[in-house]
Amino acid sequence: MDRKPLLYPEKITEEAAIISSSVKYGDAYDYSMELVDKANSRTSFPIRINKVKNDDTGDTFFQNPRGQVEKCTFQIGNNSDPQFNILFITGTHGEESRLWRAGLEALLQLAEDNFPRTALLEKGQITFDLFSDIHGFDNQSRGYSGRNGIQVNAPLITGRSHDRNPYGLGDRNSEQGRNSLEAVSVLSRSNQKHYKEVCGPLTWIGDHHETNENSQYPSNFFRYGGIMIIAHIFLSKEEQHRLNSLKRCITVTDQIRKVISDILPFAPVRYREQLLYNNPSLRKIVKIRNRIRALGERTFEDIHEKALLLFPHVERDFSLAESIWVGGEMFSIPGILLGPEVMAPQGITTESFQQDLMIRMRQTLAAMEAQLQYAGADS
Amino acid sequence: MSRFSCKTEDISNDVLILPGFQEGLSQRGSWFACSTRSKDFIKQFHRNKKYILRYVIHEPHSDCPLSDGELFHLINTITFSFDEYKNMLQRMEMQYRDIRKRGKLNAFIYILGILTVRWYWWIFLTRGEMSLNNHQNAVKLKKIVRTNNILSRFWKRGKDREIEIALDRTWTFYKTLSGDGLSKYKELVNWAEIQSDDREIYKKIRNAYLDIIKKLTGHSLYAEILPTSFPQRIIFFFNRSFALPLPENVYPVRNLSKELLYESRHSPVYNALDCEDNRAGGNIIELYLLASKKGDPICVADKGPLQLAGTLTRAGNMQRHDRELKIILHVGSDREKESLLEGENRLILQTRILNAALDTVRQGESYLCYYMKEILPVFYKRMRAMYPFRSRLHSLFPWLFITNGIPVASILAAVWLFIDPYYEGKFMQSYTRYYNRILETLDLSYHNLSIEVKNDFALGHINKMINDDRNGSGFRDSIDYINQFALPVSIMDRVLFNNLTMETDQLLDARNEANSFTTIPSEWLGEEHSHG
């Protein structure tokens, strides 16, 4: 590794992992506030705490299963004239809330005075939303709002059986973005307004998901699958149509064909990698993936796709390169914009598959580090 | 031919309980229980011999050791994993056995055709490669079937001093380590290698941690069973089925260290006085401290074992909403009440009482096992005999009806008849989750529990009667009073059971086993029960 690391994923402790999984929202909020206050007393880059306003009532309280609670985001770095503006989100789905502690770890490590970090923080600002879905945090349920826009997180998730529409095709279950504004939940509306007010125009967004023990049967197949990157890049309708008609270069025969079509000047484009070779956003994301690997973490390998070649299957998402995917027809045909795509021009969503919690947190920290390197320090 | 007697061999397998961190049993992370490697485990058995298997479980010293119920559940999961594996192999064999037979015949005819008749159109009719279908699993099945020769399984706690010391040392070394799990386990492997100068236990610890590392860095199930490379695809072409991986030898058990607890200020234990809303409501288990003639007094739950399991699952769900579990312990006299709440006794009482609750559930589980094993097949077999069309060919009748009516439905019918992979999975999942939840409940309540000791007049009366034991009929006299005071039926059951087992010495072992771990030492209760 030629670059000096900005974050140290291996510094995460077992206690942190246990706290992240066992503590309720109130405790998590107090705990993180305490640590942030401690960090603020020593650092030269203080962490700014911004409370989220409730869009309906105007105050800072939200209804949670355990009563009225407050929500805040943390911000660090140069506020006046930032060259980059990054937003990191954890816990978008309430049931995947374990990673809030990883986000907090990243924030605290950034606040420690150290050369590459100070250079980074002088350049731009980074915002952390650790508890994105505070409603689902305690119930361990997904953001799940009714037709009137109020979150009805009543069902404790013990499976997906209650979820009539698991992929949000009918505009029922989208956490951040929905087609009709009236149907967006209070929390999502307030969050989006808050991001606009506090961050300003974003240059990059990182949304971090996980698959944990609440998830069900099919995800068990991807156990130890590593971390998957879902790219949020702008693709025109034509490009998407073309991507859909192409394949990924996976098998040996594919590789031979690819070499041939690379050499021959008038040969048609055969694979997605060739089509998107010069896409700047994808270049950046590939660098991020390589960085995560260089930090010693596992990314979602092509071996899974090779295994899936055995079955004829319909693609839900397109895979662009090894461990990099992009939201496909599933979202594009009904015209659904994913949350991160609404808020920033480019960014990634990471999915850390089911495995040891410590490893999941490490992977997420590594992903954050890589994003800071290539979307922050390099900008 | 039935055998009336057979010689058996005793086999003992060590199960080590080792510190670590994995998600599995509960949110607080669980430790590892490592048994012998599955390959070595299967090798132990011969097909013509019968075996008695004894698990010896070793754990390090702690304030809240694993209870009998937890160990029972652990052994059940180990045996269940092997049974599941065997079951899967057998099911695959059911599909492929006949195909393989036909394949062998076809290969034979094919060769015969080429050699003698020289009609090459045979090529299009025969499929010789079918003779190798599911071949890998068939070989494995022959070995795993030998575990049927285990006549019975027992478990006990290990009392080897050397192993205990080694495990304690491992835990103390583990506490000194920092960093993430994988690097910790790697250091532990190195440490155990240095410690072991021809001592077997350290080698075992080293191997166990190697297995844990292997488990954490392995491929997913998908990538393991499906062909991913060209040579694997060729094997798959002939084999036509998935090579199932052997069951793992690493299982989750409760985290024995309390130090990792984050003291929650929002939890009701710490602010019960501040906020009335957070107090325990309805999440209660009641226990009665019943006297016994010999030995220490016994904790008896107010419900039977099967009902208590239901109560505990409910308690777990309430605990997940941060409501504490409250245990009300009824005792007979004020003296008992005072001495129980004195100083250090209170902390140990928690674990003791929780174990008592779990042990009651364990009895329920064993009732269920008995029911499933002994009673259900009787009805099942009878049903089979009563229903005439239950042969393999007759079971295809629905297929015939449906496909004749709706041609496209043949696919649906095939799925319904042969595949439907989720049906048993759903059933088993719900079944295992039920017991896992109970264990999780207890794990939660080790950290979030309040105990209230109450003086019960009726119980005191009965206890006094049993302790006085006039004319040696203390139990029998108390039965009338239990009815009169309308005490729970479970107390009546326990009194009757103890009375029965007092009558003959042969049943004493059964009595000791039933009462073990649900007792509370009489030293904690003052002088009254000291004669026991």
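**View 1. The two domains of chain B in the predicted model.** The assignment for chain B, with bounds from an automatic or database domain assignment, gives domain 1 (8–101 + 133–235 + 245–259) and domain 2 (280–369 + 439–525). The C-alpha centres of domain 1 of chain B and domain 2 of chain B lie 34 Å apart. This is a predicted model: local features need pLDDT of at least 70, side-chain atom pairs count only at pLDDT 80 or more, and totals for chains, interfaces and linings use all residues. Residues are numbered from 1 along each chain as its sequence is written, and chains are lettered from A and ligands numbered from 1 in the order in which they are written.

**View 2. An open sheet of five strands in chain B.** The strand order is 4-3-1-2-5, with mixed pairing. Strands (E, at least two residues) and helices (H or I, at least four) are DSSP runs numbered from the N terminus; two strands pair if DSSP finds at least two bridges between them. Strand 4 (150–157) and strand 5 (250–253) of chain B are the edges, each pairing on one side only. From one strand to the next, the twist averages 30°. Axes are lines fitted to C-alpha atoms, for helices over the stretch in contact, and angles run from 0 to 180 degrees between N-to-C directions.

**View 3. Strands 1 and 3 of chain B, with helix 7 of chain B on the sheet.** Strand 1 (residues 8–22) and strand 3 (residues 50–58) of chain B run parallel, joined by nine bridges. One bridge partner is H58(B), in strand 3 of chain B, for L16(B). Helix 7 (residues 200–217) of chain B packs on the sheet and touches strand 1, strand 2 (30–34) and strand 5 of chain B. Its direction makes about 60° with that of strand 1 of chain B. Contact means C-beta atoms, placed from the backbone, within 7 Å.

**View 4. The contact between chain B and chain A.** Chain B gives 28 residues and chain A gives 32 residues. On the chain B side, strand 1, helix 6 (181–195) and helix 8 (221–225) of chain B each give two or more residues. Helix 8 of chain B has the largest share, three residues.

**View 5. Helix 15 (residues 357–377) of chain A.** Of its 21 residues, 20 are buried, so helix 15 of chain A is largely enclosed by the rest of the structure. Buried means 20 or more other C-beta atoms within 10 Å of a residue's own, with C-beta atoms placed from the backbone. Buried residues make up 49% of the 379 residues in chain A.

Definitions and conventions. Contact = placed C-beta atoms within 7 Å. Expected span 1.5 Å × (residues − 1). Buried ≥ 20, exposed ≤ 12 C-beta atoms within 10 Å, placed from the backbone.
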